[in-house]
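User: Please go through this model with me, one question at a time. I would like each cut-off stated where it is used.

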Amino acid sequence: IAKLAAGGILVSAGHSDASFGETTAAIAHGLRGFTHLFNAMARLEPRDPGIVGAALYDEKTWCGIIVDGHHVDPVMLKLALRCKRHDRFMLVTDGMPAVGSTEPTFVLQGRTIRVVDGVCRDENGTLAGTALDMAAAVRNAVSMLGLDIVEAARMASEYPAEFLGLGSELGRIAPGYRANLVLMDDEFKVQKTWIEGLAS
């Protein structure tokens, strides 16, 4: 981790059973964030805070969160948001090929994944990513987590840009920033987008 961080690589932890001690040591060596917090991570236990406890306890690291109502109970995400500053949370989709497609199935690592009611599961019923797009993630952050639209939008733009070290050029509507914009209606449905200032 230290070598990667020294080389300018952003290191995130995910799908891990790391202990609290292992995780805090990783943070000390340059671990910067946590990929979709809670998902496929050791449970937060009273006598073993584990990787989730370390993620929420550390004030400087960033946490990606999937707000689809299936991967993590909204109450758990609300509790997480009470543990550290909101500017350390990023909306992520964990989106699979089903996003933007009408096909109900796709193949992932040799397994057939079926999408039912926006949820991707394998033949055993195990979650396998999402059919969540970012517009829906923003909408869910407002409806499920009680965030206002400004904070939800920042979690989808400004805070991820800061995490990536691109906060001086992306994530805000301001002079000198790239004109990557999304126009949404009152129901948070995308009406129009601009990439580098050009309508698409």
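Analyst: Helices (H or I, at least four residues) and strands (E, at least two) are DSSP runs, numbered from the N terminus. The model is predicted, so local features need pLDDT of at least 70 and side-chain atom pairs count only at pLDDT 80 or more, while totals for chains, interfaces and linings use all residues. Residues are numbered from 1 along each chain as its sequence is written, and side-chain values use heavy atoms, with hydrogens and water left out.

User: Is His 36 buried or exposed?

Analyst: His 36 lies in the loop between E2 and H3. Buried means under 20% relative accessible area, exposed over 50%, and partly exposed in between (1.4 Å probe, protein chains only). Because its relative accessibility is 9%, His 36 counts as buried.

User: Which residues does His 36 touch, not counting residues up to four places away in sequence?

Analyst: Contact means heavy atoms within 4.5 Å. With residues up to four places away in sequence not counted, the residues that His 36 touches are His 15, Met 41, Gly 64, Ile 66, Val 92 and Asp 94.

User: What is the phi of Phe 38 near?

Analyst: Phe 38 is also placed in the loop between E2 and H3. Phe 38 counts as buried because its relative accessibility is 17%. Its phi is positive, in a residue other than glycine, and is near 85°.

User: Which residue in E3 is the bridge partner of Gly 33?

Analyst: E2 (residues 31-34) and E3 run parallel and are joined by two bridges. For Gly 33, the bridge partner in E3 is Trp 62.

User: Are H2 and H3 roughly parallel or oblique to each other?

Analyst: Axes are lines fitted to C-alpha atoms, for helices over the stretch in contact, and angles run from 0 to 180 degrees between N-to-C directions. Angles under 35 degrees count as roughly parallel, over 145 as roughly antiparallel, 65 to 115 as roughly perpendicular and the rest as oblique. Helix H2 (residues 20-28) packs against H3 at an angle of about 45°, with the axes 7 Å apart. H2 and H3 are therefore oblique.

User: How many nonpolar, polar and charged residues does the contact of H2 with H3 have?

Analyst: H2 contributes Phe 20, Thr 23, Thr 24 and Ile 27, and H3 contributes Gly 50, Ile 51, Gly 53, Ala 54 and Tyr 57. Ala, Val, Leu, Ile, Met, Phe, Trp, Tyr, Cys and Pro count as nonpolar, Asp, Glu, Lys and Arg as charged, and the others, Gly among them, as polar. By class, the contact has five nonpolar, four polar and no charged residues.

User: Which residues of H5 and H6 meet?

Analyst: The axes of H5 and helix H6 (residues 149-156) come within 9 Å and cross at roughly 140°, and the two helices are therefore oblique to each other. The residues that meet are Met 134, Val 138, Ala 141 and Val 142 in H5 and Ile 149, Ala 152 and Ala 156 in H6. Their classes are seven nonpolar, no polar and no charged.

User: With neighbours within four places in sequence left aside, what is Asn 140 in contact with?

Analyst: Asn 140 is found in helix H5 (residues 134-143). Asn 140 counts as buried because its relative accessibility is 12%. Leaving aside those neighbours, Asn 140 is in contact with Val 67, Asp 68, Leu 132 and Leu 145.

User: Is Lys 60 buried or exposed?

Analyst: Lys 60 lies in the loop between helix H3 (50-57) and strand E3 (62-65). Because its relative accessible area is 66%, Lys 60 is exposed.

User: What is the phi of Phe 188 near?

Analyst: The hairpin of E9 and E10 has five residues between the strands, and Phe 188 takes a positive phi there. Phe 188 counts as buried because its relative accessibility is 18%. The phi of Phe 188 is near 65°.

Key
Pairing = 2+ DSSP bridges.
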